[in-house]
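Morning, everyone. Have a look at this one with me. I'll take the aromatic rings, then the strands.

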Amino acid sequence: MFDPDVSLGNNGPQGFAVIQDGAFDTADSGGRGPVAGPHRIRVSGYDGTQGDEAQPYGQPLFAEYVFSHDVPSQNSTMEIIVDR
């Protein structure tokens, strides 16, 4: 999830992408690219088993990873490394 950081003046819509096989592309089906500017980025991982209402994607694989990043206005790539 790409949450615009409103505390730094970015109030655009939220962006998101599904990570599959270790890669993500916000332009892929089911994704939405973030607006340019400062963001709080949240990375979550689930085991994909049948979950319940509280955890619809199954059990978490690791604690949610949250960090700040200034998304550029042009197309770009980003590598995110999450230690489990």
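This is a predicted model: local features need pLDDT of at least 70, side-chain atom pairs count only at pLDDT 80 or more; totals for chains, interfaces and linings use all residues.

Residues are numbered from 1 along each chain as its sequence is written, and side-chain values use heavy atoms, leaving out hydrogens and water.

Rings, then. The whole structure holds three aromatic pairs. Rings of Phe, Tyr and Trp (its six-membered ring) pair if their centres lie within 6.5 Å; planes under 30 degrees apart are stacked, over 60 edge-to-face, the rest tilted.

Phe 2 and Phe 24 sit 6.2 Å apart at 45°, so this pair is tilted. Phe 2 belongs to strand β1, Phe 24 to the loop between β1 and β2, 22 residues apart. Strands here are DSSP E runs of at least two residues, numbered from the N terminus. Phe 2 is buried at 7%. Phe 24 is partly exposed at 30%.

Next, Tyr 46 and Tyr 57: also tilted, 5.9 Å between centres, 45° between planes. Tyr 46 is partly exposed at 38%; Tyr 57 is exposed at 55%.

Now the sheet. What is the strand order? β1-β2-β3, an open sheet with antiparallel pairing. Pairing takes at least two DSSP bridges between two strands. β1 and β3 are the edges. Seven bridges join β2 to β3. His 39 stands opposite His 69 in β3.

Note on methods. Helices (H or I, at least four residues) and strands (E, at least two) are DSSP runs, numbered from the N terminus. Buried means under 20% relative accessible area, exposed over 50%, partly exposed in between (1.4 Å probe, protein chains only).
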